[in-house]
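Q: Please take a close look at one strand of this structure and at what surrounds it. I would like one connected account.

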Amino acid sequence: MKQIYVATTNKGKVDEFKNMFSSLDIEMVSLMEAFDDVEDVEETGTTFEENAKLKAETYCKTYQVPVMADDSGLVVDALNGEPGVYSARYAGEAKNDDQNIIKLLNNLEGQSQRNAAFVSVIAYARPGKDTIVAEGRCEGEITEKRKGTEGFGYDPVFVPVGYIQTMAELGSEVKNQISHRKRALDEMLKQIRPLL
Ligand SMILES: O=c1[nH]c(=O)c2ncn([C@@H]3O[C@H](COP(=O)(O)OP(=O)(O)OP(=O)(O)O)[C@@H](O)[C@H]3O)c2[nH]1
Ligand SMILES: [Mg+2]
């Protein structure tokens, strides 16, 4: 079976990629599990695409294997697109999901316009070939209080369009059908299927 290495330090993303790949005829291998002491790539880009390419291309070059990487985040209209590419580090370099949610809810206090979207850009880098990029979005709204325990990041405060529960209440079965990451992966597979 064709293997694709997925590179992420985020356990939530690893679980989602494993779940989404489980129904495919492609084996997903975690780069961080396959190789020892994988170093973090500094996310110096200002767009999801730049950071996704940076991660995928750096790991591909180092390990000489095909690598997929996701750069993703939450884009909130009333905050002019924040936290955006800084979603993981919104409340500081420690990357603390609880602190990030507290900061987000504080910044939206008294705000009735709570539209937001999760965005995922996946880059697929192959040795000696051009990198392929795909994007997925999931529109929704930010709640006033956190609800639910599943998922990661801002899932407890994000209600997708068409639902009344948060992503953290809906759980992985629903999330992995409708998420930004699932849409980006579907878009990616459309592009790479003929190449596999
Ligand atoms: O509630 C959420 N549900 C999601 O489905 C989701 N996807 C992304 N995010 C947020 O955006 C950051 C990614 O930043 P990011 O792409 O740099 O990833 P990361 O730093 O966590 O790991 P890595 O893949 O870079 O190693 C994450 O930490 C989260 O705060 C999400 N929040
Ligand atoms: Mg990151």
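Predicted model: local features only at pLDDT ≥ 70, side-chain atom pairs only at ≥ 80, totals over all residues.

A: Residues are numbered from 1 along each chain as its sequence is written, while chains are lettered from A and ligands numbered from 1 in the order in which they are written.

Strand β3 covers residues 67-76; strands (E, at least two residues) and helices (H or I, at least four) are DSSP runs, numbered from the N terminus. Of its 10 residues, 10 are buried, so β3 is largely enclosed by the rest of the structure. Buried here means that 20 or more other C-beta atoms lie within 10 Å of the residue's own, exposed means 12 or fewer, and partly exposed lies in between, with C-beta atoms placed from the backbone. In a regular strand, side chains alternate between the two faces of the sheet. On one side of β3, Val67, Ala69, Asp71, Gly73 and Val75 are buried, and on the other so are Met68, Asp70, Ser72, Leu74 and Val76.

Two strands pair with β3, where pairing requires that DSSP finds at least two bridges. Strand β1 (residues 2-6) is parallel to β3, with 2 bridges, and Val6 stands opposite Met68. Strand β4 (residues 115-125) runs antiparallel to β3, joined to it by 10 bridges; there Ala116 is the bridge partner of Val76.

Strand β3 also supplies 5 residues to the shell around ligand 1, the largest share. That shell holds 22 residues, of which Thr8, Thr9, Ser87, Ala88 and Gly153 come nearest; a residue counts as near if its C-beta atom, placed from the backbone, lies within 6 Å of the molecule. By type, the shell has 6 nonpolar, 10 polar and 6 charged residues.

An unreviewed UniProt entry places the feature "binding site" at Glu42 and Asp71. These positions span 30 residues in sequence, yet no two of their C-alpha atoms are more than 12.0 Å apart, so they gather at one spot. Glu42 is in the loop between α2 (31-34) and α3 (48-63), and counts as exposed because it has 10 C-beta neighbours inside 10 Å. Asp71 lies in β3 and, with 25 such neighbours inside 10 Å, counts as buried. Leaving out residues up to four places away in sequence, Asp71 touches Phe48, Asn51, Ala52, Lys55 and Val121, contact meaning C-beta atoms, placed from the backbone, within 7 Å.

Technical notes: Nonpolar A, V, L, I, M, F, W, Y, C, P; charged D, E, K, R; others polar. UniProt positions renumbered as here; feature names shortened; annotations may be inferred. Contact = placed C-beta atoms within 7 Å.
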